[in-house]
Amino acid sequence: MILNNKKNNPTVSIIMPAFNAGKTIKASIDSVVAQTYCNWELIVIDDGSQDTTLQIIKDAADGDSRICVEVNEHNMGVASTRNVGIARAKGMWIAFLDADDLWINDKLSKQLRFMKHHDALISYTSTAYINEKGEASGYILEAKLRISYKELLWRNLMSCSSVIVRRDIMPFFTQGEVHEDYVAWLTILRKVGHAYGLNEPLLTYRIAANSKSHKRLRSARMIFNAYKQVEYGWISALFMTMRYVVHSVPKRLYIRYFAADEGGMN
């Protein structure tokens with residue numbers, strides 16, 4: 001259900017799914033409004049929230065005509081909710097921002113300039129981390145200048161909230177118990193060859209205790225399912241899952257130590 005359908009001609013469509021994000025979503029929206037690059041639309045989709053999320057979104061939209069609000073008729077999950085935004089997007093480029101993450105205020109301007117310089121179809125940035133109290137970690141997930149499909153199979157360096165992708169190559173997200181963003185990036189890179197990474201932490205990722213990837217066994221199963229989704233047999237998928245887990249150990253240990261009992265990681 002569309003609550004507002006404001007007409008503009010944005011270059012970038014930013015998609016933000018939201019479910020019971022009343023504690024964090026205002027800061028996330030504010031980090032978009034504060035961008036030095038102004039030609040964007042922010043599509044916020046409320047996925048059946050039962051807290052103050054929807055009212056906060058409506059208030060933000062009343063104050064900025066670039067913010068569009070949609071409400072799912074029932075809870076659909078993050079993948080389907082992002083797909084609603086993809087279907088509604090008008091911009092040449094699609095960006096993603098979760099309702100508890102934050103952008104540095106020149107994220108869009110720097111990344112779009114970087115993509116133009118490299119003639120990139122898809123790009124991502126480095127990621128910094130905070131816990132639920134807003135306390136910063138010293139850990140940075142760094143971006144590689146170029147990452148190929150084969151390299152991405154080893155480990156997902158592309159935080160969803162950092163990605164910008166040309167709309168005409170963006171697939172819909174896969175639903176189910178799977179890392180849907182990982183499947184999407186693998187699908188794209190299999191076609192276009194590689195993504196470009198801007199090695200600056202322009203995204204701040206909030207480590208949340210209720211993250212779907214908090215539990216390690218479930219996270220491993222979701223990675224396994226991601227490999228199956230991109231058409232690998234179960235033996236190959238199992239081997240690649242084990243490899244992925246091993247290569248993610250340093251990040252997991254650092255963030256687990258930093259967040260203590262407060263959060264997980266993706």
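**Chat about a predicted model**

Modeller: Starting point: this is a predicted model, and the structure holds zero disulfides.

Colleague: Remind me, what is a disulfide?

Modeller: A covalent bond between the sulfur atoms of two cysteines.

Colleague: And the cysteines C68 and C160. Is C68 buried or exposed? And C160, buried or exposed?

Modeller: C68 is buried, at 0% relative accessibility. C160 counts as buried too, because its relative accessible area of 6% is under the 20% cut-off.

Colleague: Which ones are buried?

Modeller: A79, S80, T81, R82, N83, V84, G85, I86 and R88.

Colleague: What covers them?

Modeller: The cover includes strands β1 (12–18), β2 (40–46), β3 (67–71) and β4 (93–96). Helix α6 (180–192) is also part of that cover.

Colleague: Now the surface. Which residues form a nonpolar patch?

Modeller: W234, I235, L238 and M242. Together they have about 460 Å² of accessible area.

Colleague: Where is I235, and is I235 buried or exposed?

Modeller: I235 lies in helix α8, residues 234–247. I235 counts as exposed because its relative accessible area, 58%, is over 50%.

Colleague: Last one, D59. Where is it?

Modeller: D59 sits in helix α2, residues 53–63. At 45% relative accessibility, D59 is partly exposed.

Colleague: Which side chain does D59 make a polar contact with?

Modeller: Q55. The contact between the two side chains is 2.8 Å.

Colleague: And how far is D59 from K26 in space?

Modeller: 9.6 Å, C-alpha to C-alpha. In sequence, D59 and K26 are 33 residues apart.

Notes. Residues numbered from 1 in each chain as written. Predicted model: local features only at pLDDT ≥ 70, side-chain atom pairs only at ≥ 80, totals over all residues. Heavy atoms only, no water. Patch = residues over 30% accessible without salt bridge, like charges linked within 9 Å, V, L, I, M, F, W, Y side chains within 5 Å. Areas by Shrake-Rupley, 256 points an atom, 1.4 Å probe, with all protein chains shown as cover. Salt bridge = Lys/Arg side-chain N within 4 Å of Asp/Glu carboxyl O. Helix = DSSP H or I, 4+ residues; strand = E, 2+ residues; numbered from the N terminus. Buried < 20%, exposed > 50% of the residue type's maximum accessible area, 1.4 Å probe, protein only. Disulfide = S-S within 2.5 Å. Contact = heavy atoms within 4.5 Å. Polar contact = N/O pair within 3.5 Å; in protein donor to acceptor, adjacent residues only side chain to side chain.
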